[in-house]
Amino acid sequence: MILAKKKKQYYAVVKGRKPGIYRTWFGAGGAAEQVQGIDDARYRGFYTEEEIALWLQGLPQEVLKQEAPELARFAAEFENGQSSQEDEIKALLDLGKVVVFTDGSADTQTRRGGYGAVIRDGKKRMELSGGYRGTTNNRMELTAVIKALDALKKKSDVVVFSDSQYVVRAMMEGWVDNWRVNGWARDKGQKLMNADLWQQLDILCAKHTVMFEWVRGHSGTRENERCDRLAVSAGQGRNLPMDKKV
């Protein structure tokens with residue numbers, strides 16, 4: 001994800017003119033229209049759908065079902081979806097695979113950024129994060145995967161979940177193979193951005209068996225949301241080193 005000043009992405013209105021989840025606060029069809037002028041309106045802004053679900057699950061459920069039945073269904077379906085996602089992860093772990101979630105972020109104005117990764121191996125769970133100055137979103141997305149794979153101490157069968165199509169498509173659609181053949185350049189000798197990181201990732205993937213899967217960002221996937229928080233927090237740290245581009 002690319003950061004400027006982080007804004008709320010969702011507004012949940014439990015008690016108002018029309019309860020529901022809204023993507024904007026102001027303007028026609030925004031959340032403000034639903035709550036302004038109502039003394040006992042109940043609403044809150046959130047960054048992710050997971051935060052909405054957790055808040056709704058903490059409310060008295062009988063009251064929620066009466067005042068906002070659609071939101072009650074959303075909370076229940078979200079919980080079921082989380083269980084399904086965890087079942088998928090457990091199935092991969094039971095097959096002996098290492099499951100990795102990664103995310104990167106960067107502020108386009110300050111060029112400060114961070115990466116976050118969650119590694120699950122059997123019953124073990126590890127979190128990694130770090131931040132840099134003078135970087136970009138794509139470099140942090142790549143760095144997250146590199147740091148996670150580099151942390152594995154033995155040859156592993158790995159499934160990497162990333163919300164970066166830039167990373168996933170390059171690795172799964174053969175782009176990296178073509179860049180390697182071209183001497184880490186694009187077609188016709190065009191400069192390849194982030195060639196230093198692509199080379200590092202290519203070397204690490206050769207040490208393991210790695211599959212990449214795309215996951216939609218900010219869709220409530222718990223481990224992906226955790227990586228997002230790790231990345232954002234790391235990018236806001238003090239005394240960050242400069243990203244060394246080669």
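Met 171 counts as buried because its relative accessibility is 19%, where buried means under 20% relative accessible area, exposed over 50% and partly exposed in between (1.4 Å probe, protein chains only). The model is predicted: local features need pLDDT of at least 70, side-chain atom pairs count only at pLDDT 80 or more, and totals for chains, interfaces and linings use all residues. Residues are numbered from 1 along each chain as its sequence is written, and side-chain values use heavy atoms, with hydrogens and water left out.

Met 171 lies in helix H6 (residues 165-172); helices (H or I, at least four residues) and strands (E, at least two) are DSSP runs, numbered from the N terminus. Apart from neighbours within four places in sequence, Met 171 is in contact with Val 176, Trp 198, Leu 201, Cys 205 and Phe 212, contact being defined as heavy atoms within 4.5 Å. Between Met 171 and Phe 212, which are 41 residues apart along the chain, the C-alpha separation is 7.1 Å.

Strand S6 (residues 113-121) is mostly covered, with eight of its nine residues buried. S6 pairs with strand S5 (residues 98-107) in the antiparallel sense over nine bridges; two strands pair if DSSP finds at least two bridges between them. Val 118 in S6 stands opposite Phe 101. The hairpin of S5 and S6 has five residues between the strands, and Arg 111 there takes a positive phi near 60 degrees.

S6 is also joined to strand S7 (residues 124-132) by nine bridges, and these strands run antiparallel. Ile 119 has Met 126 in S7 as its bridge partner. In the hairpin of S6 and S7, with two residues between the strands, Gly 122 adopts a positive phi near 65 degrees.
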